[in-house]
2 protein chains.
Amino acid sequence: MAVSRTIYVLKNRKGAYHTMQQLKERILKEGKVLPGNIIKVDGFLNHRIDTKLMQDIADEFAHHFDLRQVSLILTAEASGIALATICAHRWGLPMVFAKKAKSDNIEGGLYQSDIFSYTYKKKVTLLVSNEWMKPTDHVLIIDDFMANGEAVRGLCNIVKNAGATLVGVGCAVEKGFQGGGDRLRAAGINLKSLAIIERADENGIIFREE
Amino acid sequence: MAVSRTIYVLKNRKGAYHTMQQLKERILKEGKVLPGNIIKVDGFLNHRIDTKLMQDIADEFAHHFDLRQVSLILTAEASGIALATICAHRWGLPMVFAKKAKSDNIEGGLYQSDIFSYTYKKKVTLLVSNEWMKPTDHVLIIDDFMANGEAVRGLCNIVKNAGATLVGVGCAVEKGFQGGGDRLRAAGINLKSLAIIERADENGIIFREE
């Protein structure tokens, strides 16, 4: 029994290593660094979606979080939805995405949190209906890409406002040099990013060593 | 052989019937009609996401479109992304979601189409990078909810601008009484909506007979 368990752990580690390597290799191969330290990974992560890669990422997150504890997956529109959908599907859990700003189709009874969107250079309000998050929920936040961490900070606030329990945050790609992830870690949040970019400029992309 | 094929077809038809019934029953049970003929289905379709239902919807679309022809799934952010992601994953195809308005993370080389958003009561521009849609692509548009059909009209324009081929449009829920779907059908577009709502008011929701 001890032997087969060791093999299982090794296999898991190898799978994990493979996914993280795969993600990093695709960032290196297909990512583009634009002026202002903008990193474009829109060929597989946030414009064109590679759902097979998303499934591998979901399986990788499953090694880092105790999914038996989780009752709800939470993300923010728009680009987090694809990855969170695959995670929710893979794990058999419901998913809620926070809407941005006010649309007529969401009525009262909302948890909300104001964040600053660096993408759109303005304040944005994240909204979740209190129908779909309860104090009894154990929430895992999933996002595709973290820069300043504002979206995740807003989502954490919503979980807190709902009186729900935050299990952790799974993020595919983190821009480590912008500090958003480290601020969340310093606040005691269980954040796992699969690829942390430490530097991105005309010389290329460097990942943080784990 | 003939017998087993008949059974297979019957089984498929039964599955199809079941999915459409299931979707209609959930709309009747969980949908809410708000003033202004707004139909809220945010408990399973466009705020909280039931990925199992999405998979059943994907399997149902697979009966209506020849997926061997399709090279790309296209949708619009934000609420179309979840269903399009499950469809793309189920069918092993890439998915692209059109972004709304201009963000700094999309550079030049864009196909775009202006639409009027009744949700936000303003003009919105749909954008797809020309890197991710080619004239050789055969595109299936997937959307969760059609009212005036503006989003799908915009997506059809983008497919046309790209010189790609439109295979069809699969939509989960259509508000038939707003005419968007019928205008697309009249324009010769192969549109399949799984639940078409013919009337929605204080007396309840009535579906169009197929």
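How many salt bridges does the rule find across the interface of chain B and chain A? The rule finds four. This is a predicted model, in which 41 residues of chain B are in contact with 41 residues of chain A. Chain B can be laid on chain A by a turn of 180°.

**Extent of the interface**

- Chain B and chain A bury about 3900 Å² between them.
- Carbon and sulfur atoms account for 56% of that buried area.

**Polar and charged links**

- Among the four salt bridges across the interface is the one in which the side chains of Lys40(A) and Glu131(B) meet, at 4.0 Å from N to O.
- The rule also finds 15 residue pairs in polar contact across the interface of chain B and chain A, both residues of each pair being at pLDDT 80 or more.

**What chain B brings to the contact**

- The elements of chain B that give two or more residues to the side touching chain A include the helices H2 (51–64) and H3 (80–91).
- Strands on that list are E1 (32–34), E2 (38–40), E3 (48–49), E5 (95–100) and E7 (122–129) of chain B.
- H3(B) gives the most to this side, with six residues.
- By residue class, the side of chain B that touches chain A divides into 16 nonpolar, 12 polar and 13 charged residues.

**Strand pairing between the chains**

- Strand E3 (residues 48–49) of chain A pairs with E5(B) in the antiparallel sense, over two bridges.
- Within E5(B), Met95(B) is the bridge partner of Ile49(A).

- The same surface serves both copies, as 100% of the contact residues of chain B recur in chain A.
- Ala78(B) comes closest to the rotation axis of the residues of chain B, with its C-alpha at 2.5 Å.

**Backbone features**

- In chain B, the peptide bond from Glu77(B) to Ala78(B) is cis, with omega near 0°.
- Ala78(B) lies in the loop between strand E4 (72–76) and H3 of chain B.
- In chain A, the peptide bond from Glu77(A) to Ala78(A) is cis, with omega near 0°.
- Ala78(A) is found in the loop between strand E4 (72–76) and helix H3 (80–91) of chain A.
- Asn37(A) is not a glycine, yet has a positive phi of about 60°.
- The loop that holds Asn37(A) runs between strand E1 (32–34) and strand E2 (38–40) of chain A.

Methods
Residues are numbered from 1 along each chain as its sequence is written. Chains are lettered from A and ligands numbered from 1 in the order in which they are written. This is a predicted model: local features need pLDDT of at least 70, side-chain atom pairs count only at pLDDT 80 or more; totals for chains, interfaces and linings use all residues. Side-chain values use heavy atoms; hydrogens and water are left out. Contact means heavy atoms within 4.5 Å. Buried area is the accessible area (1.4 Å probe) that two parts lose on being put together, summed over both. A polar contact is a pair of N or O atoms within 3.5 Å; within protein, one must be able to donate a hydrogen and the other to accept it, and residues adjacent in sequence count only if both atoms are side-chain atoms. Helices (H or I, at least four residues) and strands (E, at least two) are DSSP runs, numbered from the N terminus. Ala, Val, Leu, Ile, Met, Phe, Trp, Tyr, Cys and Pro count as nonpolar, Asp, Glu, Lys and Arg as charged, and the others, Gly among them, as polar. Two strands pair if DSSP finds at least two bridges between them. Copies are superposed by least squares on the C-alpha atoms of residues with pLDDT of at least 70 in both.
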